[in-house]
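Here is a short tour of one protein chain, meant to be read with the model open beside you.

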Amino acid sequence: MLLPLLLLLECIVLISLPRLGSIDAQKIQVGFYSTTCPQAESIVKNVVSSAVSANRGLAAGLLRLQFHDCFVQGCDASVLIDTTPSTKGGAEKDAPPNKTLRGFEVIDAAKAQLEAKCPGTVSCADILAFATRDAVVQVGGPRWDVPAGRRDGRISSAAEATSSLPDPSFSINQLTQRFAAKGLSQDNMITLSGKTHHLSSHTIGVAHCKTFINRLYGFSSSADTDPSLDPTFAQSLKAQCPRENPNPNTVVSLDPTPNTFDNSYYSNLALGRGLLASDELLFTDGSTTLNVALNSFFGSTWLQKFPDAMVKMSLIEVKTGSQGEIRKNCRRIN
């Protein structure tokens, strides 16, 4: 049942997304490595399973890593490239929104094993797509078939990352427009769990104090604390992030079950316990309130929509053939 839906979705994306160019639908497909490297997906799965078993927080890290990659230059693993002396202005990973990205070492480990088994065959972009899926499954999320055949990009720009990733101050309308520019609907945006400049699925993961401390102190001329925050929740946050000299390394869970893939993120929004202001907007903005409420009450429906949204997102501006390359090392252009 899922495979026909994914194939239909792939056709829709290939037709509707801007800047996709002359992508051959036969090249981006489920089972792309079935003959050239049959063990590709199992190798990635084993690496991810080991890494997430040792540190469940890496699941959120890998999910965020793919989002940040796809929104800049498309899903071409350009976020993995290291800055070199010749990189003007720095690579994507050096942009302010990307400073706290993690999970690079998991992709490196999978790439090393794949190069040993199938040299020059599996792209870093596909490894990242496989790893993200496997990480979500590892923490209780749904599984989906990943269309593959992406090539790796040769350009990585910190400036482009800064301008392409949604800003934390964006309104719902601005967020919706930014997602629409990538071929994603407002429903996709909400299903993928409240995108901000973090671009991570907020049902798992954590955030640093600096990303929400403006809601706790000096919020406005009439309220020191954001009145949309549940008072008890606000006091808890203040205890973790004091007004004076907050620890820059302190992180707070984005929902009560940060290492489990569930719909409690949406329930929290309805209770005034959305950690980030842009998340809380999803519940308070009239255009998205109903969708958030449905995701809160009907978790199974949200879980069914999530794989389709992930597949659609993973096909943003993908490169094939001469549009890219198969990197030997995910951190360096060949």
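**Around glutamate 92**

Glutamate 92 is in contact (heavy atoms within 4.5 Å) with His68, Val72, Gln73, Ser78, Val79, Asn98, Ile155, Ser156, Ser157, Ala158 and Ala161, leaving aside its neighbours within four places in sequence. Please keep in mind that this is a predicted model, in which local features need pLDDT of at least 70 and side-chain atom pairs count only at pLDDT 80 or more, while totals for chains, interfaces and linings use all residues. Residues are numbered from 1 along each chain as its sequence is written, and side-chain values use heavy atoms, with hydrogens and water left out.

**The annotated binding site**

- An unreviewed UniProt entry places the feature "binding site" at Asp69, Val72, Gly74, Asp76, Ser78 and Glu92. These positions are spread over 24 residues of sequence, yet they cluster in space, with a largest C-alpha distance of 12.3 Å. UniProt positions are in the numbering used here, feature names are shortened, and annotations may be inferred rather than shown by experiment.
- Glutamate 92 lies in the loop between helix 3 and helix 4; helices here are DSSP runs of H or I with at least four residues, strands are E runs of at least two, and both are numbered from the N terminus.
- With a relative accessible area of 0%, glutamate 92 is buried (buried means under 20% relative accessible area, exposed over 50%, and partly exposed in between, using a 1.4 Å probe and protein chains only).
- The side chains of glutamate 92 and serine 78 make a polar contact at 2.5 Å. Such a contact is a pair of N or O atoms within 3.5 Å; within protein, one must be able to donate a hydrogen and the other to accept it, and residues adjacent in sequence count only if both atoms are side-chain atoms.
- Valine 72 sits in the loop between helix 3 (57-70) and helix 4 (104-117), and valine 72 is buried at a relative accessible area of 0%.
- Not counting residues up to four places away in sequence, valine 72 touches Ser78, Glu92, Glu160, Ala161, Ser164 and Leu165.

**Helix 2 against helix 4**

- The axes of helix 2 (residues 40-54) and helix 4 come within 9 Å and cross at roughly 145°; axes are lines fitted to C-alpha atoms, for helices over the stretch in contact, and angles run from 0 to 180 degrees between N-to-C directions.
- Ala40, Ile43, Val44, Val47, Val48 and Ala51 of helix 2 meet Val106, Ala109, Ala110, Gln113, Leu114 and Lys117 of helix 4.

**Arginine 133**

- Arginine 133 belongs to helix 5 (residues 124-138), and arginine 133 counts as buried at 1% relative accessibility.
- The side chains of arginine 133 and glutamate 41 are joined by a polar contact of 2.7 Å.
- Beyond residues up to four places away in sequence, arginine 133 touches Glu41, Arg143, Trp144, Asp145 and Val146.

**Isoleucine 333 and the whole chain**

- Isoleucine 333 is placed in the segment after helix 13 (299-314) and is partly exposed, with a relative accessible area of 36%.
- Isoleucine 333 and aspartate 82 are 251 residues apart along the chain, and their C-alpha atoms are separated by 9.2 Å.
- The secondary structure of the chain comes to 13 helices and 2 strands, and 55% of its 334 residues count as buried.
- Among contacts in the chain with a separation of 6 or more, 75% are between residues 24 or more positions apart.
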